[in-house]
Amino acid sequence: MAVTMLKNEDGIINLKFIRGDSCPLKFQIQDVEGNSVLKGNLKSLYFTCRKSNSKYSEIIFQKVIEDFNYENKYYFINIGPQDTQHLPYGTYNFDIQAEFEDGEVQSLKGEFTIIDEDTIYEEDW
């Protein structure tokens, strides 16, 4: 589980991880001052990975989370090996969208780069 998370000056999150590895993502919902906000009325979370930054771009995979793992003001989304093991190496776009019972929607966008595996299996020699 090697995940690199970088935030650029525009607030865009860039993720890098090894194809086929597990990738637990941990994130907070924050107010405009950067303080963590506990949102107990969360209805659903979506993690959507696309080929490009357009909402009309092909969806590579999507995780819909309705059973929330929430701990110490952090939410968790698990990207499993099956989500990335067959994807070509490269950079994709993602967004995480949180929908709340009161109708509020909050989103985070970024880039998602899949890099080469470290282990070569004997059958691949």
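Predicted model: local features only at pLDDT ≥ 70, side-chain atom pairs only at ≥ 80, totals over all residues.
Trainee: Let me step back to the fold. What does the secondary structure of the chain come to?

Mentor: You'll find 1 helix and 9 strands. Going along the sequence, the pattern reads β-β-β-β-β-β-β-α-β-β. Of the chain's 125 residues, 33% count as buried. And if you take contacts between residues at least 6 apart in sequence, 56% of them join residues at least 24 apart.

Trainee: Where is confidence lowest in the chain, and where is it highest?

Mentor: Read pLDDT as the predictor's confidence in each residue, from 0 to 100. Here the chain has a mean of 77, with 72% of its residues at 70 or more. Strand β1 (residues 3–7) has the lowest confidence, at a mean of 46, while α1 has the highest, at 90. Residues 1–8 have pLDDT below 50, yet in the model this stretch has 23 contacts beyond near neighbours in sequence.

Trainee: On to the rings. How many aromatic pairs does the structure hold?

Mentor: It holds 5. To read the geometry, look at the angle between the planes: under 30 degrees counts as stacked, over 60 as edge-to-face. Phe 17 and Phe 112 are edge-to-face, at 5.0 Å centre to centre with 75 degrees between the planes. That pair links distant parts of the chain, with Phe 17 in strand β2 and Phe 112 in strand β9, 95 residues apart.

Trainee: Is Phe 17 buried or exposed? And what about Phe 112, buried or exposed?

Mentor: Phe 17 is at 0% relative accessibility, so it counts as buried. Phe 112 is also at 0%, so that residue counts as buried as well. Now try Phe 47 and Phe 61: their ring centres are 5.9 Å apart and their planes are at 25 degrees, so this pair is stacked. It links strand β4, where Phe 47 sits, with strand β5, where Phe 61 sits, 14 residues apart. Phe 47 and Phe 61 are both buried.

Trainee: Which residues do ring pairs link into a cluster?

Mentor: Phe 17, Phe 47, Phe 61, Phe 94 and Phe 112. Leaving out residues up to four places away in sequence, Phe 112 touches several residues, among them Leu 15, Cys 49, Phe 61, Tyr 92 and Phe 94.

Trainee: How many salt bridges does the structure hold?

Mentor: There are 2. The test is distance: a side-chain nitrogen of Lys or Arg within 4 Å of a carboxyl oxygen of Asp or Glu. Asp 83 pairs with Lys 63, with the closest N and O atoms 3.1 Å apart. This one links distant parts of the chain, with Asp 83 in helix α1 (residues 81–84) and Lys 63 in strand β5 (residues 59–65), 20 residues apart. Both Asp 83 and Lys 63 are buried. In the other bridge, Glu 58 pairs with Lys 51, with the closest N and O atoms 3.6 Å apart. Glu 58 is partly exposed, with a relative accessible area of 47%.

Trainee: Last one: what does Arg 19 lie over?

Mentor: The face of Tyr 89, at 3.9 Å from the ring centre. Arg 19 belongs to the loop between β2 and β3, and it counts as buried because its relative accessibility is 16%. Beyond its neighbours within four places in sequence, Arg 19 has contacts including Thr 84, Leu 87, Tyr 89, Ile 114 and Glu 117.

Terms used
Residues numbered from 1 in each chain as written. Heavy atoms only, no water. Buried < 20%, exposed > 50% of the residue type's maximum accessible area, 1.4 Å probe, protein only. Helix = DSSP H or I, 4+ residues; strand = E, 2+ residues; numbered from the N terminus. Contact = heavy atoms within 4.5 Å. Phe/Tyr/Trp six-rings, centres within 6.5 Å; stacked < 30°, edge-to-face > 60°. Lys NZ or Arg CZ within 6 Å of the ring centre and 35° of its normal.
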